Amino acid sequence: MVSGIKYFPEYRYRVENLSIVVTTPFSYLFPFSPTGSHVEWCKQLIAATISSQISGPVPSDIANRENKNLPALRYGAQVIMSQNQVPLLPGETIQTTVKDVMYICPFSGLVNGTLTITDYKLYFTTVEKSVHIQESPFVLDVNLGVISRLETISVPNQGENTKGLELVCKDMRSPRFAYKTEESHPDVVELLAKHAFPLSHGLPLFAFLYKEQFPVDGWKVYDPTAEYRRQGLPNESWTISKMNSTYELCDTYPSILVIPTNITEEDIKRVAVFRAKHRIPVLSWIHPETQATIIRCSQPLVGPSDRRCKEDERFLQIIMDANAQSHKLTIFDARQSSVAVTNKAKDGGYESESFYPNVELNFLEIPNIHVMRESLRKMKDVVYPTIDEAHWHSAIDQTHWLEYIRLLLAGAAKVADKLESGKTSVVVHCSDGWDRTAQLTSLAMLMLDSHYRTLRGFQVLVEKEWISFGHKFAARVGHGDENHANSERSPLFIQFIDCVWQMTRQFPAAFEFNELFLITVLDHLYSCLFGTFLYNSEQERAAKEVQTTTVSLWSYINSQPEDFTNPFYVDYEHHVLYPLVSSRHLELWTGYYARWNPRMRPQVPVHQTLKELLFLRAELQRRVEELQRDATSHSLSSSSEHSPAHSTGTPLHTAV
Amino acid sequence: MLTGSKTTFKVRQMLPDIKERMLSQSGVNARSRDVFGLRCLPGECVLQRAVMVRKKLTAREGRGWVSGTLFCTHFRVAFLPQDSPKADDNADPVLLGDHDVALASIEKVVVVGPNRTKLVTPNSSLKFTPEELVLYCRDLRVICFLFDRLTPDAQVLEITYTIAKTYQPPKPGSVLSFQNAALGSVEMKQFLSNRRRNTHMNWFECAADWEQELERCGATGWRVSSVNDRFEMSTSLPRSIVVPQKVLDTELKKSFAHFNEGRIPRWCWRHPRGSDLLRMASFQNNIYHEKDDIRNLEMILFGCQSSLCVVVELDEELPSPADVQLAHSRLRALCLGDISTSVSVPDDKWLSTLESTRWLDYTRACLRKASEVACLLRGGHLTVALQEADDRDMSCVVSSLVQVMCDPHCRTQHGFQGLVQKEWVTAGHRFYTRINYHRDNDKEEAPVFLLFLDCVWQLLSQYPSRFQLTDDFLLALHDSIHLPLFSSFLANCQRERCKRSQNLGQSYTPVNGWRDMLHQDSSSDPSDPPLPSVWDWSLQYSKHRRDHFTQPVPPTPPLQPLLNGNLNTNPDTHRLTDTIPGSVFLLSRGSFSCPSNLLPWRSGSSGVYKKSHRRAPSSENVPGLERLLKAWALAELPHGLSATSGPQGPLDPYEPLLPLLMGPCMGLWRECYLRGALHAQAFSHPISANHPHPVERLAREVQQLKDKLAQVSSGANPNPPSKTSEPRRADTNLNQNTNNGTFLFPASKPQGAAMPRAPPPATSTNHLTSRGPPPAIAPPSRPGHKDNGGSNKHTFLFGHSSVAEARSDQRYYPAPSNAKLPKSNGSSIAS
């Protein structure tokens with residue numbers, strides 16, 4: 001708190017070009033709080049980027065209240081402020097500081113300032129107070145993990161020894177800088193490349209250097225046995241197997257798998273040989289009432305000669321039999337049918353309905369990872385840096401991004417409907433069973449099981465279906481890798497989160513988490529600050545001791561759940577959510593894709609309003625409890641006849 | 001057929017004399033109730049009914065299906081859910097129930113049978129038994145009824161035929177019989193003529209109304225002139241017009257000829273910084289300008305601001321009515337699909353097709369123009385005159401949008417209704433022609449007013465906490481347009497409305513008494529129904545639905561909007577005000593200019609103003625709006641504001657709400673246009689009406705517990721029940737809010753909140769504070785919270801309950817420390 005001026009944590013930072021367009025209301029704010037935890041800081045940084053944030057000063061007593069309530073303030077470590085006012089994370093070190101750098105803002109022209117490069121981020125700030133004294137400094141903060149590639153650009157009219165640099169980022173922006181090359185300076189590009197792509201330069205990822213302590217341990221969020229126990233497993237048909245505890249059966253699967261009880265280890269090994277990458281059919285989710293199951297696996301290695309595998313056929317028969325409600329089994333092949341056919345030539349293929357009795361095979365016609373990558377690339381052209389006002393809608397149509405979102409949601413809804421209405425077990429696979437399969441199973445589970453729509457439950461869902469089942473995060477995102485053209489990269493997880501966002505739009509009260517949570521997850525998908533999304537498989541993570549040497553993203557999230565909580569949340573426990581998948585009901589998530597454009601920021605701080613609501617709810621709940629206590633005690637003391645009447649006043653499930 | 005079917009009859013056979021039958025029954029069975037519980041209007045009779053029908057609910061209603069009975073009367077298709085509560089027989093008649101649709105709103109009737117879909121016309125006969133009946137309405141609703149297997153086939157067929165035959169695809173004459181069906185009975189006429197006018201809003205019908213507006217705006221230098229009292233000067237202008245004080249009526253009279261349709265520059269609104277908004281039609285060029293005329297014209301145009309006038313040309317950049325009509329019909333087709341064939345635009349072309357309707361482009365154009373004008377007005381001390389060729393379409397849109405943006409009063413329900421009266425109804429927007437109720441004037445049809453509503457919705461969706469009215473209100477207004485029952489929309493100008501009321505004699509109030517002019521033959525028939533105003537909402541909507549028209553929490557004294565720089569927000573008024581007094585600029589295509597022929601009398605040979613004209617800045621010196629962007633962004637806040645209240649000071653409530661206009665920011669009004677999208681699925685939605693929101697549930701529980709406490713301690717405490725009423729009010733407000741889907745609280749608090757937190761008054765909240773650190777102090781417990789501009793969210797929510805609690809607390813919580821020891825509480829209460 002500085003000399004009577006109220007402390008407004010949300011607005012200490014002004015990200016991107018905001019400072020030019022925004023007028024004075026923020027201006028008197030002290031630019032950086034000398035104290036405050038890192039968590040707080042980190043949150044603000046994200047908060048500042050989220051569209052709904054930047055809009056007006058926070059009423060002071062809200063800000064104060066916030067400070068009081070935040071566990072982060074009590075537990076979080078202090079942000080270290082370096083001499084030149086660069087906030088540093090615990091474990092972060094400054095690599096170099098370059099003065100007289102120009103940020104070429106696509107929205108408001110050139111901004112002069114100082115560039116600091118640490119091993120985690122690039123931090124650009126205007127040193128001197130700008131033309132107007134009231135202006136707070138302009139800050140641009142880009143974590144290095146988000147950088148996809150560095151490109152030198154030409155900067156006309158700025159003198160001969162001026163170099164231009166463009167940081168092409170994975171999160172839909174490309175900030176550009178111009179700087180003078182002098183001998184005293186270390187080469188900015190080289191230094192940036194070294195820390196942006198540490199793996200290519202023999203350096204560790206920043207997650208291993210990060211030393212923050214959180215009150216909550218996010219690595220404990222997902223315990224597979226506990227999760228399966230919640231689903232009612234094991235039961236007479238399904239068993240929790242430790243066959244893969246050394247990752248010998250399948251190196252991309254988790255160590256704990258749920259498989260049918262009456263199948264021998266020998267048979268499973270034969271099935272593994274018949275399935276691509278040894279990813280055998282295993283249970284992902286079981287319907288609590290009908291016992292219908294979601295099974296995931298990879299494609300069968302049918303090959304051009306239509307190979308068969310008796311054990312695999314029997315395996316699917318057993319899966320079908322485990323569900324007494326239905327005498328059918330539905331296989332959803334996420335791929336386009338034509339692709340599935342051509343895969344036969346590459347030794348892959350699909351289950352032939354003639355060899356698998358009572359099996360129904362459906363193709364969901366979802367294009368592959370390369371198509372998705374291209375679609376998002378087009379999207380970036382549409383949203384950054386400028387938006388073509390007149391042709392916005394047709395430009396979005398041409399990226400086909402919403403079309404693919406629609407296919408995914410429709411596919412997942414089909415899976416969910418088959419389970420819920422058809423009471424039939426479902427097998428989902430694509431080629432390898434780690435991309436589209438993960439998207440479909442996790443979305444279907446989100447529709448079917450309200451547990452996954454809670455803040456914790458969603459974390460479990462991501463840990464389970466994506467991280468433990470070997471979605472190749474390292475390859476798809478390219479953490480710390482300079483090979484930006486790698487064709488393995490693809491925004492599949494973003495697509496999934498986008499689908500989740502679409503569902504939150506259609507069912508605003510059914511999800512416990514809010515938009516900030518989804519954006520935070522996506523931001524840390526790239527940031528390499530947390531260990532959660534690193535590496536391709538559970539085996540690799542175990543080998544790198546990720547859990548003991550890095551911090552989990554969920555530690556950060558769960559240390560201040562109130563920030564990520566949707567105040568409208570109502571636990572619709574036994575509701576299955578079927579989103580409307582017509583493109584009339586889908587929207588482009590501009591709050592994520594177009595958030596760098598300052599003109600896109602909404603005018604009313606919705607996020608703040610939501611926090612207010614959360615606070616109000618807590619307050620009301622506290623009153624209810626208080627009154628209940630008093631009423632109970634009163635009725636006890638006065639007479640016993642009133643006591644049973646209190647059943648209506650049971651406390652609500654409110655996780656504030 | 002079931003018992004009690006006396007009033008039903010075979011429509012196919014009886015059809016030729018349905019009309020006579022209806023008319024003859026008028027007034028016979030007043031206030032009747034159908035045996036199935038439908039409450040009929042006086043004179044209304046049920047033509048057909050079908051039982052065991054399910055109605056598909058929209059997302060707003062909670063989705064899913066509700067079963068009940070379907071009725072067709074000669075006025076409406078009614079649906080009565082099974083478990084709906086019995087209506088009070090003595091209540092005022094409501095024209096339409098929550099599930100009803102007026103016959104005149106229906107555009108097409110489609111039935112879905114096994115594997116086929118058929119458009120039902122009055123003459124068609126069905127070869128299959130429909131399973132589903134779909135009513136496509138003019139207001140873009142699609143109402144879908146599902147027949148059960150238990151519905152008798154005969155009923156299904158009969159009601160389908162009956163609806164198809166009675167909904168009357170509009171033709172001249174049918175509107176009148178529709179009006180008669182609804183309002184023609186003696187009881188209804190009596191009821192309507194006894195209706196009191198809503199006195200909370202300004203109707204802008206007489207000179208006093210305008211005086212009131214002048215006073216509200218603090219507009220001095222203007223007066224209300226009755227020069228057009230008999231519509232002799234201009235037939236389309238209202239009786240009262242506001243003109244500069246210094247212009248005499250005799251001088252004024254000479255000016256009418258210089259403007260198209262005699263629509264001279266008239267005052268509309270004054271910005272608090274002293275700028276006036278005027279609107280006028282285009283100049284009549286082929287007229288000789290006498291010297292006196294010129295002086296008068298200049299005086300009228302410049303109003304009280306002798307220095308500067310900006311003429312805003314509207315025809316050039318804004319869509320023409322024909323454009324609006326084309327765009328809207330494309331939008332309709334896109335949103336509803338091809339009605340008869342159920343073919344709709346493929347999913348991957350949806351956005352492109354939406355773009356090609358150009359509807360959003362037009363919305364954006366109107367908002368942009370209005371934003372420019374709003375920013376101009378903010379500059380202060382100038383006159384902005386909106387000029388459109390006939391001053392009856394786009395200038396209605398722009399002038400009213402400007403006021404919605406700048407004037408918080410216009411964002412309340414009553415203020416908005418007054419605004420529509422001022423800028424549309426009495427200003428002479430040709431509602432009757434533009435809506436084309438009789439389908440006899442297709443060339444002139446253009447839903448300009450709907451375009452305006454869409455613009456307001458865009459503002460509302462970008463500034464949800466700055467409006468007191470809600471999108472439910474806009475939707476209700478949108479739907480009412482399509483109902484040919486309201487005097488507001490059934491005329492083109494005040495003169496036509498007055499003419500009708502004169503014909504009806506003195507027994508009807510002027511507002512209510514106007515009727516379709518085209519039916520000259522019957523215009524003198526005093527039995528024609530008096531038409532109500534659209535603002536008489538209780539005729540159309542139940543109390544429950546009307547409660548949703550306004551936000552439960554009034555908007556706060558607003559924050560300064562974020563200036564995103566996509567608009568000019570501060571035209572270089574310094575430069576403009578530096579110019580010579582009497583300068584006139586033209587704002588067109590985002591830049592100022594002063595073309596020599598702007599004012600026809602100055603370009604001619606009159607030469608009076610030649611000298612000053614030559615010294616006026618040439619057009620290349622006047623900077624374009626976009627280029628002024630940065631100038632504003634870096635400019636200081638206006639003086640006086642920052643001085644009084646510090647940098648974060650209370651922001652000017654008149655600071656315009658400038659909308660974001662980029663592609664992604666312009667939304668489609670889904671709740672309106674996509675209400676009946678063919679692709680909507682019928683899965684039940686988890687958010688259903690009988691599943692209240694947690695905050696609401698909490699509030700309810702608080703109430704329950706309080707009641708219980710009161711009950712328990714009633715022996716000791718004689719007067720606790722007095723506290724129940726107020727908290728309950730909070731409860732219903734919460735309820736409204738969750739249903740609105742809008743946010744409960746305004747974005748932030750008024751400035752008063754910036755003051756240090758007051759220590760909680762000892763009386764009411766001591767027990768709260770004693771419980772360890774509370775998350776915060778509830779502001780309402782702050783003494784005098786009502787003084788800080790009110791509308792503080794806590795004030796509202798806790799206000800009532802804490803008032804009540806303050807009383808009870810004193811009794812129930814003897815000492816702070818006791819709160820932790822509930823047992824001792826009990827004893828203290830008992831004492």
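B:D391 is found in the loop between β14 (383-388) and α12 (394-406) of chain B. The model is predicted, and in it the phi of B:D391 is near 60 degrees, a positive value in a residue other than glycine. Most residues other than glycine have a negative phi, and most peptide bonds are trans. Is B:D391 buried or exposed? B:D391 counts as buried, at 0% relative accessibility.

A second residue with a positive phi sits in chain A. A:K423, which is not a glycine, has a phi of about 55 degrees. The place of A:K423 is in the loop between α12 (401-420) and β16 (425-429) of chain A.

**Sheet in chain B**

Strands β11, β12, β14, β13, β15 and β16 of chain B form an open sheet of 6 strands in the order β11-β12-β14-β13-β15-β16, with mixed pairing. At the edges are β11 (266-270) and β16 (591-593) of chain B, each of which pairs on one side only. Direction ignored, neighbouring strands of this sheet are turned by 30 degrees against each other on average. Strands of a sheet pair through backbone hydrogen bonds, either parallel or antiparallel.

Strand β15 (residues 583-588) of chain B pairs with β16(B) in the antiparallel sense over 3 bridges. B:S588 has B:S591 in β16(B) as its bridge partner, and B:L586 stands opposite B:S593 in β16(B). Strand β13 (residues 308-313) of chain B pairs with β15(B) in the parallel sense over 5 bridges. Here the bridge partner of B:V312 is B:L587 in β15(B).

How many residues of β15(B) are buried? The count is 6 of its 6 residues. Both faces of the strand are covered, with B:S583, B:F585 and B:L587 buried on one side and B:V584, B:L586 and B:S588 buried on the other.

**Strands around β9 of chain A**

In chain A, strand β9 (residues 176-180) runs antiparallel to strand β3 (residues 94-105), and 4 bridges join them. Strand β8 (residues 162-169) of chain A also pairs with β9(A) in the antiparallel sense, over 5 bridges. A:A178 in β9(A) stands opposite A:M102 and opposite A:G164. The hairpin of β8(A) and β9(A) has 6 residues between the strands, and in this hairpin A:M172 takes a positive phi near 70 degrees.

Helix α16 (residues 492-506) and helix α17 (residues 515-527) of chain A pack at an angle of about 180 degrees, with their axes 10 Å apart. Angles over 145 degrees count as roughly antiparallel, and α16(A) and α17(A) are therefore roughly antiparallel to each other. The residues of α16(A) in the contact are A:F493, A:I494, A:I497, A:V500 and A:W501, and they meet A:E515, A:L518, A:V521, A:L522, A:L525 and A:Y526 in α17(A). By class, this contact has 10 nonpolar, no polar and 1 charged residues.

| Cis bond | Omega | Loop holding the proline |
|---|---|---|
| A:L233 and A:P234 | about 0 degrees | A:P234: between α6 (224-230) and β10 (238-241) of chain A |
| A:Y384 and A:P385 | about -5 degrees | A:P385: between α10 (369-383) and α11 (392-399) of chain A |

Notes. Residues are numbered from 1 along each chain as its sequence is written. Chains are lettered from A and ligands numbered from 1 in the order in which they are written. This is a predicted model: local features need pLDDT of at least 70, side-chain atom pairs count only at pLDDT 80 or more; totals for chains, interfaces and linings use all residues. Side-chain values use heavy atoms; hydrogens and water are left out. Axes are lines fitted to C-alpha atoms, for helices over the stretch in contact, and angles run from 0 to 180 degrees between N-to-C directions. Helices (H or I, at least four residues) and strands (E, at least two) are DSSP runs, numbered from the N terminus. Angles under 35 degrees count as roughly parallel, over 145 as roughly antiparallel, 65 to 115 as roughly perpendicular and the rest as oblique. Contact means heavy atoms within 4.5 Å. Ala, Val, Leu, Ile, Met, Phe, Trp, Tyr, Cys and Pro count as nonpolar, Asp, Glu, Lys and Arg as charged, and the others, Gly among them, as polar. Two strands pair if DSSP finds at least two bridges between them. Buried means under 20% relative accessible area, exposed over 50%, partly exposed in between (1.4 Å probe, protein chains only).
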